[in-house]
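Let's take a friendly walk through this structure together. Have a look at the picture before reading on.

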Amino acid sequence: MSVETFKFKSRMRAVTDNAVTLLAILATVIVVAPLIAIFAYLLYKGASSLNLAFFTQIPKPVGESGGGMANAIVGSGVLLAIASAIGVPIGIGGGIFLAEFGRGTKLANAVRFTADVLNGVPSIVMGMAIYVLIVKPQNSIIPFSGHFSAFSGGVALGIMMIPTVCRTTEEMLLMVPHAVREAALGLGVPNWRSVLSITVKTASPGIITGCMLAFARVAGETAPLIFTALGNAFWSASLNTPIAALPLQIYVYALSPYDDWHRLAWAGSLVLIVLIVLAVSLVRYVTSRGVLKGAS
Amino acid sequence: MGVGIEVTNLNAWYGTNHTLQDINLNIPANHATALIGPSGCGKSTFVRCLNRMHETNPIARVTGSVRIGDLDIYEGAKPVQIRRRVGMVFQRPNPFPTMSIYDNVASGLKLNGYSNKRVLDEIVEKSLKNSALWEEVKDDLKKKSGASLSGGQQQRLCIARALAVDPEVLLMDEPASALDPVSTSKIEDLIFQLKSQYTIVIVTHNMQQAARVAEKTGFFLNGRLVEFDSTHKIFTNPSDKRTEDYITGRFG
Amino acid sequence: MPEIRISQSQFQPESTTPEGGDRGRPVAHEPSEVRKYLLSRGNSALADRVFHVLMVVCGLSIFGIVLLIVYALMLGSALSWHKFGFGFFYKVFSDPVTNLPLFWDPVNARFSALPFVYGTLVSSFLALLIAVPLALGLATFLTEMCPGALRGPLAFLTELLAAIPSVIYGFWAVTVLVPLLRVHVNPPLTRWLGWTGLFNNDNPTGLGYLAGGVILSIMILPIISSLSREVMSTVPHSQREAVLALGATRWEMIRMAVLRNARIGIVGAIILGLGRALGETMAVAMVIGNTPEIHRSLLSNGSTMAAVIANEYAEAVSDMHYSALTEIGLALFIVTILVNALAQLLMWVVTRGTPSQTR
């Protein structure tokens with residue numbers, strides 16, 4: 001090609017390069033700015049609505065100002081306790097299966113794949129399944145069935161935790177160096193003891209981190225609770241009745257026409273966000289410090 | 001006191017790879033026996049057959065017999081039981097990272113359910129003394145983690161851990177290859193001390209090391225045991241030409 | 001005499017033990033207490049077996065969950081399935097009074113899921129349209145152009161975005177986004193782009209497909225961006241250097257070395273984002289307007305599959321109503337499983353079977 005064409009093309013290439021860089025920066029700004037705006041807005045609205053009453057009182061009837069979401073906080077606690085009791089042991093067990101017993105087998109690959117796919121399934125579907133199985137049937141042998149209950153909500157959340165905990169546990173266990181397992185086996189330690197007391201224990205910071213992530217994710221879930229736990233305007237910690245939950249309460253109040261309830265919803269959102277940010281930050285901190293100190 | 005090891009027609013495979021072929025060998029009690037040979041000749045595999053660690057690999061297979069003392073380890077007992085009587089020190093030090101020095105040494109006992117604290121204290125002290133680590137760590141037994149020691153110290157910790165279960169045989173797979181010369185010589189001194197109480201089998205790349213510590217030496221090549229004789233003879237007047245080629249450095 | 005490298009003095013004295021080796025008669029030595037204890041321990045075969053079985057059961061629970069959901073949803077939707085069959089998803093009824101198309105009539109037990117399918121597709125693709133370029137731009141910036149000090153905080157911020165619960169997004173959208181659209185975005189869109197037929201504003205509330213699409217795009221952006229970043233950063237530096245050494249500009253390098261190698265993974269990331277958008281419930285339910293109708297204009301109210309379930313399930317009027325909603329749930333489940341499975345397959349191809357990141 002001629003010199004002029006070459007010079008032109010070179011300039012075009014340089015211009016394109018700069019244009020793309022600009023676009024990328026623009027994209028970043030478009031993403032980051034609203035993000036920061038959202039956070040700032042949440043903080044502002046939430047902080048101005050937050051007071052001691054929020055943590056100690058239950059909602060007042062419509063028309064009266066004040067009140068809080070104490071029952072929702074307690075309710076979320078109950079639900080998360082049930083969910084963890086189901087999700088954590090089974091999830092960790094699944095992770096142990098994938099990392100220690102099934103490694104390389106077709107079964108383990110199928111389990112891993114299915115767990116990853118399950119993680120992407122909308123949570124409302126889990127809620128519906130639990131509704132059909134536990135809330136609706138009137139004469140079932142399942143405990144607490146036949147009506148909306150904290151138990152059903154906890155089960156729905158627990159089932160959601162299992163695939164997440166399973167995969168993170170597996171990843172953490174795989175990071176334990178083979179040499180450590182060999183050392184345990186070489187001492188004549190039975191396999192079950194070696195897996196639990198050595199491998200799992202070595203990976204435990206990471207495993208706990210994974211559980212925290214699952215916990216934080218499930219803490220913010222609303223959809224599965226709409227027709228399992230249902231929500232409750234009053235104090236309740238019983239497994240057998242509908243129970244309030246923080247995200248559920250936020251949903252109901254956000255859609256209501258009352259300013260007071262909006263205020264409470266903002267405060268609740270802030271509390272939820274703070275908890276989740278804490279969890280995510282903690283996870284990052286633990287993972288960045290090196291999950292397995294010295295085990296290299 | 002240690003016991004002798006009698007190996008008869010031992011063959012080992014990794015999948016289709018016939019790693020060990022017709023090994024016949026008698027390892028004397030209360031001696032140190034060195035196994036030398038070029039990389040990949042099967043000496044590590046051989047040693048791992050002696051405590052049934054070879055079969056932890058799912059594609060591994062073994063035929064033949066290994067008798068340790070009176071016991072046929074393949075027919076007469078389960079791997080877990082064998083490994084309590086045959087201790088192993090690995091090439092890279094592998095202390096348990098979440099445990100203190102004390103717990104590391106006691107792990108072979110604690111994880112098998114032993115809980116008598118007084119006896120554990122004694123055993124930990126004795127094992128650390130036997131592995132020449134006691135003086136350096138006696139003040140930090142429960143405070144420092146096993147992983148916070150230097151490489152040479154970690155390896156001695158692993159030796160102490162292996163000794164704590166009072167094995168009859170001690171297998172060492174290139175125990176000093178990852179260590180600096182000072183640590184290496186400390187470990188060689190150790191082996192020298194220990195062999196009066198245990199039967200020691202040491203795999204090594206380092207022929208000088210074999211000469212320094214072992215009474216008998218076996219030369220492996222391509223999965224076969226070429227020659228097994230007193231160390232002196234192997235290194236001064238080997239019967240097999242291949243042995244001679246290896247020691248004089250013509251290959252390996 | 002072969003040349004020797006070892007001095008004579010180093011050899012160990014030959015011991016007096018006979019050649020055959022000691023066959024294990026220990027010299028008058030009482031086994032220590034420790035040795036006796038260890039010898040008395042069994043081989044834990046039972047404990048190992050039980051442990052193994054327990055762990056396998058835990059692993060199989062994953063399949064159990066899938067089967068449970070399928071069983072429950074099929075059970076719950078049986079009624080509606082028997083009545084409407086496949087037509088459930090494309091039938092158009094008509095209102096006897098106005099003769100306008102009618103889809104969702106709980107009172108008269110006539111149900112068609114078409115508007116929800118339509119709404120789901122429209123809002124999801126709109127979300128992709130907005131999110132994909134932005135996410136890829138962000139990912140490119142973070143992996144290729146970003147100064148090191150900024151990278152950590154930005155990545156952290158993106159991670160936080162992904163962790164915000166759906167209901168809070170919805171709340172923010174209702175309070176901030178919808179009025180913003182209503183006042184500042186929709187009128188200009190109607191004025192300038194109304195000729196396309198996509199922006200007719202009949203009931204100016206700010207709710208509708210556009211609002212749903214925008215909030216969805218914000219929500220799926222972090223996933224697409226993070227996964228794309230991961231895939232892009234696994235492209236080896238040698239590839240980048242090779243292209244640069246040929247005189248390419250930075251963009252050309254990105255295009256030829258990074259994006260080309262990472263494109264399968266990026267497609268996987270996008271599909272994963274789509275999967276998330278299809279099933280997203282709370283935020284969409286709060287801004288889409290919850291009207292079971294089909295309209296061409298993006299500014300009209302509509303509904304999605306997930307949204308209608310969230311809105312009507314707790315107060316369904318009849319068994320048939322429940323059943324219809326459950327059938328929508330079953331369809332949603334199957335679709336998201338398929339989409340996610342496709343995405344996971346693509347990611348698996350990229351990472352070659354190593355455990356993939358849980359997102």
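A nonpolar core is a set of buried Ala, Val, Leu, Ile, Met, Phe, Trp, Tyr and Cys residues joined through C-beta atoms within 7 Å. Buried means that 20 or more other C-beta atoms lie within 10 Å of a residue's own, with C-beta atoms placed from the backbone. This is a predicted model, where local features need pLDDT of at least 70 and side-chain atom pairs count only at pLDDT 80 or more, while totals for chains, interfaces and linings use all residues. Residues are numbered from 1 along each chain as its sequence is written, and chains are lettered from A and ligands numbered from 1 in the order in which they are written.

The largest nonpolar core holds 276 residues, and C:Ala173, C:Ala211, C:Ile215 and C:Val287 have the most contacts inside it. Helix α6 (residues 209-233) of chain C gives the largest share, 15 residues; helices are DSSP runs (H or I, at least four residues), numbered from the N terminus.

Which residues does C:Val287 touch? Among them are C:Ala173, C:Ala211 and C:Ile215, where contact means C-beta atoms within 7 Å.

Now compare two helices; the expected span is 1.5 Å times one less than the number of residues.

| Helix | Residues | Span | Expected span |
|---|---|---|---|
| α4 (106-119) of chain A | 14 residues | 20 Å | 20 Å |

Helix α5 of chain C bends by about 45 degrees at C:Ala173, the bend being the angle between axes fitted to the seven residues ending there and the seven starting there.

Conventions
A residue is buried if 20 or more other C-beta atoms lie within 10 Å of its own, exposed if 12 or fewer, and partly exposed in between; C-beta atoms are placed from the backbone. Helices (H or I, at least four residues) and strands (E, at least two) are DSSP runs, numbered from the N terminus. Two residues are in contact if their C-beta atoms, placed from the backbone, lie within 7 Å. Lists of a residue's contacts leave out its neighbours within four places in sequence.
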